[in-house]
Amino acid sequence: MKKPELLVTPIDVAHIRDLAEAGADAVMIGEQRYGLRLAGEFKREDIVEAVKVAREHNIKVYVAMNAIFHNDKVDELGDYVKFLADTGVDAIVFGDPAVLMTVREVAPHMKLHWNTETTATNWYACNYWGRKGAKRAVLAREINMDAIIEIKEHAEVEIEVQVHGMTCMFQSKRSLIGNYFEYQGKVMEIEKRKYDKGMFLYDKERDNKYPIFEDENGTHIMSPNDICIIDELEDMIDAEIDSFKIDGILHEREYITEVTKKYRLAIDLCAENREEYRKVKDQLLAEIEAIQPVHRPLDTGFFFKETVY
Amino acid sequence: MMIAKNDKISEIINGKRVIVKKPELLAPAGNLEKLKVAILYGADAVFIGGQEYGLRSNADNFTLEEIAEGVRFANKYGAKIYVTTNIYAHNENIPGLDKYLKGLEEAGVTGIIVADPLIIETARRVAPKLEVHLSTQQSLTNWKAVQFWKEEGLERVVLARETSAEEIREIKEKVDIEIEAFIHGAMCIAYSGRCVLSNHMTARDSNRGGCCQSCRWDYDLYKLDSGKEIALFDENDAPFAMSPKDLNLIQSIPKMIELGIDSLKIEGRMKSIHYVATVVSVYRKVIDAYCADPDNFVIKKEWLEELDKCANRDTAPAFFEGVPGYKEQMFGVHSKKTTYDFAGLVLDYDKETKMVTLQQRNFFKPGDEVEFFGPQIDNFTQVIEKIWDEDGNELDAARHPLQIVKFKVDKEVFPYNMMRKGH
Ligand code: SF4
């Protein structure tokens, strides 16, 4: 049975080695100048190293260029794409059509993955970006399992689905944390903390904690729970979804590596020995629960949840 | 003076510079009555929502018959109707789309405002007469992305609210496509299309019109330090908030006209008829005054005061004039009360007897001071004397919604003029 690729986001180059050994088939890296919400910051020299390490381990490297670009960065996109092509990365992840136009101009053979996060919600849109040049569509996290399978049935492009980790709920161009400190008159705080990780918004009514952070792309607010569907992989493996992603953003490296090992096992068993998978899947879920940080409860995201409007 | 490449903005006529490229004033309407008022008060085009495929699923939306009637009304005044069909569709929304778009084409609307490529391409295939405008839901922020959509054959793009004047100038210079930009109204604090707070907090899909404005709620900001939660606010601080002030670009209209922006858009399909009338009429006056004599133009105080009469939040210019800071957000406050209520709609006026026939829209009584406004008149105040009902019975107050009443008004008023009352 066809196995989906296991795609993970590493924290640094050394972490790529660990993840490859843990069973990752591909990694997604990049820097905040061009990419959104990455687990680690990979400058150009890190990308060169990352590709070397990946080659040694025979895994793929995808680079994020999925920021929402304003005019000021448009002119430098070509140089970056060329660099990525020369470095031999396996694909570029984009959301903004400016990246697609640039790739057509300077590296027409580069593989493209379409990933706007929230807007990949129907199979037609996935195929549309396929006709424009994308080889893969990364689905929105806000659609359910049935919709995912239906999209795969109609898809003319590869389909990637996030199976683990937190997801983005909100991106603003405004400096919302900095603005709050400024409103409080704590100007010192801005320099000290603005780019800190580890801040969260507490929502009393729902008793939820939403991680919030700022970077070059603005302010990001993340989901209060980590998705984990290690025990619910059967339908998507049967449907031959092409890639399963573990997003490690705001997690420790050991945690990401451990989770990768468990999904490696789960995917292999699910594809090769279904009975055994059914026997151990609850155990695998329990093992992840055991290493879960206290502030990050697990849930199944929108896989089994309906939204209304 | 900045001049965009593609169009001639102004010309010297009889020794005086005048604007020859006048932008479209585009207004929102949540129902037929608001649509008519928007056009009568000076909108060149109106955008409305149909029963499906538009955001704002809880606004009153138009049936196809109402859309057709709206188009007939608009045509009489040379105005255009656009329909927002800007959801990001899910698979389950695909059946029915062909029929819906054909219906819009048959109803005679000029164009649709779209975000999802599914709807863009389906419209091209089944309803080719419709213009396709790219919605702000796509968060378009750079000229190269605009170029992409131009090559896809779109007639117009609505830019992201995060674009600045300088960025718009560059986009206009590099790409020959119609640009629509927001000038007034409430807005998302997130990049449009990139916020799913409501999905997570209330299981309502914001990208299909279910947003419940979670960004307007209060939160507490903490920092996690070696497992300990540390509050990043003092007891007396207002909670963390991301509620933006409403957009108000009245001061920037001259700059926007000189940039050659093709359509100036007012937000607010959920807003009241009083809001639509007030905001449209003010911007109509600003645009007309600037275009007639740009070099001697000044913003009148009364225009600013007029806009304030229907504002239920403080306003700010947001990104057009640079990245907004904390002063363009609201902390500890959620909205303010408007200072005026809409009190009546003029149906008729008898010049001989000076009697107005008016439909009551809010409580008023003899002795109240009210204000009349509308496209044909300058605002004036009037103290109400006796009030009669349709049958000539004297009333101690106009207290029944939509009741038709008569009373004396010294200056001439016209049908669809409005009466408002301070409180
Ligand atoms: S919650 Fe706020 S920012 Fe998000 S979609 Fe709704 S109005 Fe926009």
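This is a predicted model: local features need pLDDT of at least 70, side-chain atom pairs count only at pLDDT 80 or more; totals for chains, interfaces and linings use all residues.
Residues are numbered from 1 along each chain as its sequence is written, while chains are lettered from A and ligands numbered from 1 in the order in which they are written. Local features need pLDDT of at least 70, side-chain atom pairs count only at pLDDT 80 or more, and totals for chains, interfaces and linings use all residues, with side-chain values based on heavy atoms and with hydrogens and water left out.

**View 1. Helix H6 of chain A and its neighbours.** Helix H6 covers residues 145-154 of chain A, where helices (H or I, at least four residues) and strands (E, at least two) are DSSP runs numbered from the N terminus. Its buried residues are A:Met145, A:Ala147, A:Ile148, A:Ile149, A:Ile151 and A:Lys152; buried means under 20% relative accessible area, exposed over 50% and partly exposed in between, with a 1.4 Å probe and protein chains only. These residues pack against helix H5 (123-131), strand E7 (158-165) and helix H9 (234-238) of chain A.

**View 2. The surroundings of A:Thr260.** A:Thr260 lies in helix H10 (residues 253-272) of chain A, and it counts as buried because its relative accessibility is 0%. Leaving aside residues up to four places away in sequence, A:Thr260 touches A:Leu6, A:Val8, A:Leu19, A:Ala22, A:Gly23, A:Ala24 and A:Ile246, a contact being heavy atoms within 4.5 Å.

**View 3. The largest cavity.** About 180 Å³ of space lies in this cavity, and of the 21 residues that line it, A:Gly95, A:Pro97, A:Thr116, B:Gln138 and B:Arg194 are the closest to its centre. On a 1 Å grid over the protein atoms alone, a cavity is a set of points where a 1.4 Å probe fits but cannot get out, a pocket is an open set with protein on both sides within 12 Å along at least five of seven lines, and lining residues have an atom within 4 Å of a point.

**View 4. The second largest pocket.** This pocket has a volume of about 580 Å³, and among the 24 residues that line it, the closest to its centre are A:Gly198, A:Leu250, A:His251, A:Glu252 and B:Leu224. The largest share of the lining, 5 residues, comes from E10(A).

**View 5. Residues 339-420 of chain B.** UniProt, in an unreviewed entry, places the feature "domain: Peptidase family U32 C-terminal" here, although such annotations may be inferred rather than shown by experiment.

Technical notes:
Grid points are joined across faces, edges and corners, and a volume is the space filled by probe spheres set on the points.
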